[in-house]
Amino acid sequence: MLARDAWLELRGRAVFWLSATVLLVASAMAAFPGLFAALGPNERCDLRMSKRGPQAGALFGYDLQGCDYWSQVVHGTRASVVVGVAVTVFALLIAIVLGLVAGFYGGLADALISRTTDVFFGVPFVLGATVVLVAFPDHGMWAMTLVLVLLGWTTMTRLMRGQVIAIKHMDYVAAARMLGASDRRLMVRHILPNAVAPVFVVAMLNVGNVIAGEATLDYLGVGLQYPDVSWGLQLNTAQTFFAEHPHLLVFPALFLTATVLSFLMLGDVVRDALDPRLR
Amino acid sequence: MRYAARRLAQAVPVFVVTTFLIYTMVFALPGDPMLALAGDKPVPEQVLAVMRQRYHLDEPLLVQYGHYMLGVFRGDLGETFTGQPVSELLQDRWAVTAQLALTAWVFELVVGIGLGVLAGLRRGGAADTAVLAGTTFVIAVPVFVVGYTAQIVLGLNLGLFPTAGTDDGWPGSYLLPGMVLGSFGLAYVARLTRTSLVENLRADYVRTATAKGMVRRRVVGLHALRNSLIPVVTYLGVDFGNLMAGAVVTEGIFNLPGIGQQVFQSIQLQEGPVVVGVVTLLVMVFIAANLAVDLLYGVLDPRIRRARA
């Protein structure tokens with residue numbers, strides 16, 4: 001019922017449609033870059049065209065290596081979207097399992113999980129990620145994903161645990177227990193569906209944050225490396241030249257911002273739709 | 001008091017495990033620092049042995065960590081592999097980062113709460129819409145893009161602020177970097193204040209106060225705002241640690257010689273002792289801030305104090 005109400009509410013919001021459209025386009029670019037860009041990544045680059053601005057035949061101009069910037073930026077979509085979504089999905093799974101166990105059983109399990117969460121919560125993001133990534137220099141997208149999951153599962157786990165604790169004392173849970181439901185059934189069938197909504201909202205906002213974090217690591221030079229193509233790497237290159245060649249900074253920044261912004265706005269409207277108190 | 005003691009007891013293992021984790025990660029960096037120090041020249045085995053012993057590199061990791069922690073509590077952060085004390089190396093840099101983080105923090109606190117109250121008091125109004133749209137945008141733009149744009153537009157083109165370095169001292173050199181560093185947190189603080197204030201303005205106690213004839217300014221200022229600021233205080237406390245740790249990027253853009261820059265160089269040069277020293281101190285700041293917030297919580301809201309006792 002809640003989902004239906006939420007959908008009715010969402011349907012009328014322009015922000016929802018706007019961000020959904022942007023995300024659909026971004027996903028399409030990530031999955032089928034060939035549909036949008038004529039050239040492959042790092043293909044047919046001409047050093048003589050290095051850093052030239054937008055002109056006929058090259059809508060976004062050329063990058064440092066003289067590659068068509070529009071194609072490069074389109075191909076950069078995949079790294080951001082895949083890392084952002086994958087990190088959030090894995091972190092969400094960890095959060096749901098650990099949050100359920102900690103919140104439901106309490107006691108020693110809770111203490112262990114909560115203290116572990118505290119430990120990882122205390123590791124500063126940029127520095128922690130940099131240390132790990134420098135320790136394993138030959139990392140690709142999946143190693144980045146692993147590092148970002150490792151540093152990013154704590155907030156959702158805390159939230160999930162709090163939700164479970166609030167819900168497990170409800171009468172309907174006691175009723176199900178009295179009817180002989182097993183612990184697992186209680187957790188999965190009765191508590192989970194009612195506890196997970198706010199966690200989903202935070203997850204949606206989290207995709208945006210992860211994408212920004214991944215770009216920051218690329219920008220610092222410890223994330224993905226050439227010949228990988230990503231917005232963060234493009235911005236890394238742009239920092240030296242952008243006073244004279246602003247297009248190098250503007251286009252990847254624009255794409256990056258639009259994607260992150262859409263995830264944040266989507267999370268916001270979904271939260272509003274799910275939370276009738278704010279209506 | 002018992003609550004405070006319990007919180008403190010919980011913080012100790014977290015501190016130990018976090019620092020140990022970082023210690024392990026840093027010293028798991030590939031390469032032998034002693035050989036790296038020697039460069040291309042061959043080094044006699046005896047020299048290597050003496051050096052390894054001096055830096056406890058020949059002992060198990062746990063013992064090394066123990067030695068290190070004992071040193072930290074005596075104020076000794078160890079030496080770099082070239083023999084310079086780490087604490088000396090960081091002395092001036094800490095001041096730079098602390099000034100930067102503090103500037104950003106004050107900016108967050110004052111402007112963030114101000115905007116949040118402005119928006120929350122007139123929910124749905126023009127100011128509210130503007131604040132919501134503006135803060136979402138600020139959260140979405142990565143901090144290094146904000147930094148470069150601000151540096152070029154406000155610093156270089158308009159000449160309002162110095163563009164880089166610390167020549168103008170505090171506050172001149174730190175205003176623009178501080179605003180850039182604090183922009184993300186500012187957006188969060190503003191949104192948090194707004195939401196919290198909106199919720200509290202609907203609470204029964206606000207209605208009661210209004211019904212009793214209290215003027216609106218007193219209702220908002222004395223009752224609603226005070227309760228609304230509890231989650232904001234939490235965020236501000238935790239965020240101070242984030243600002244210190246997150247200064248790497250901002251320091252890089254504005255060329256401020258702080259710990260962020262130092263630690264970033266050191267990671268790439270495999271200067272383990274410096275990295276561990278900085279991160280250990282940062283984790284201390286982080287945990288202390290968390291602890292302070294939790295204790296402050298109890299002071300601000302008696303309900304929390306009683307529920308937890």
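Across the interface of chain B and chain A, the rule turns up one salt bridge. Keep in mind that this is a predicted model. The pair in question is Asp268(A) and Arg191(B), whose side chains meet with N and O 2.4 Å apart. That sits well inside the cut-off, which asks for a Lys or Arg side-chain nitrogen within 4 Å of a carboxyl oxygen of Asp or Glu. Side chains of opposite charge can pair when their charged atoms come close.

What else holds a place in this contact? Polar contacts between chain B and chain A come to two residue pairs, both at pLDDT 80 or more. On chain B, the elements giving two or more residues to the side that touches chain A include helix 6 (126-140), helix 7 (143-157), helix 8 (172-201) and helix 13 (272-300). Helix 1 (2-27) of chain B is on that list as well, and with seven residues helix 1 gives the most to this side of chain B. Sort the side by class and you get 30 nonpolar residues, six polar ones and four charged ones.

Now for the extent of the interface. Chain B brings 40 residues to the contact and chain A brings 38 residues. Between them, the two chains bury about 3,500 Å², and carbon and sulfur atoms give 78% of that area. Which three residues supply more of chain B's buried area than any other three? They are Phe144(B), Tyr148(B) and Ile267(B), and together they account for 16% of what chain B buries against chain A.

Step back and look at each chain as a whole. Chain B has 14 helices and zero strands, and the C-alpha atoms of chain B fill a box of roughly 85 × 55 × 30 Å along the principal axes. Chain A is built from 13 helices, again with zero strands. For chain A, the C-alpha box along the principal axes is roughly 75 × 45 × 30 Å.

Chain A also has something to show on its surface. Val85(A), Val89(A), Phe90(A), Leu93(A) and Trp142(A) form a nonpolar patch there, with about 490 Å² of accessible area together. Helix 4 (residues 69-105) of chain A gives the most to this patch, with four residues. Trp142(A), on the other hand, is found in helix 7 (residues 141-152) of chain A.

Back to charge pairs, this time over all chains: a search of the whole structure finds seven salt bridges. One of these lies within chain A, where Arg161(A) pairs with Asp110(A), the closest N and O atoms being 2.6 Å apart.

Conventions. Residues numbered from 1 in each chain as written. Chains lettered and ligands numbered in written order. Predicted model: local features only at pLDDT ≥ 70, side-chain atom pairs only at ≥ 80, totals over all residues. Heavy atoms only, no water. Contact = heavy atoms within 4.5 Å. Buried area = accessible area lost by both parts, 1.4 Å probe. Polar contact = N/O pair within 3.5 Å; in protein donor to acceptor, adjacent residues only side chain to side chain. Nonpolar A, V, L, I, M, F, W, Y, C, P; charged D, E, K, R; others polar. Patch = residues over 30% accessible without salt bridge, like charges linked within 9 Å, V, L, I, M, F, W, Y side chains within 5 Å. Areas by Shrake-Rupley, 256 points an atom, 1.4 Å probe, with all protein chains shown as cover.
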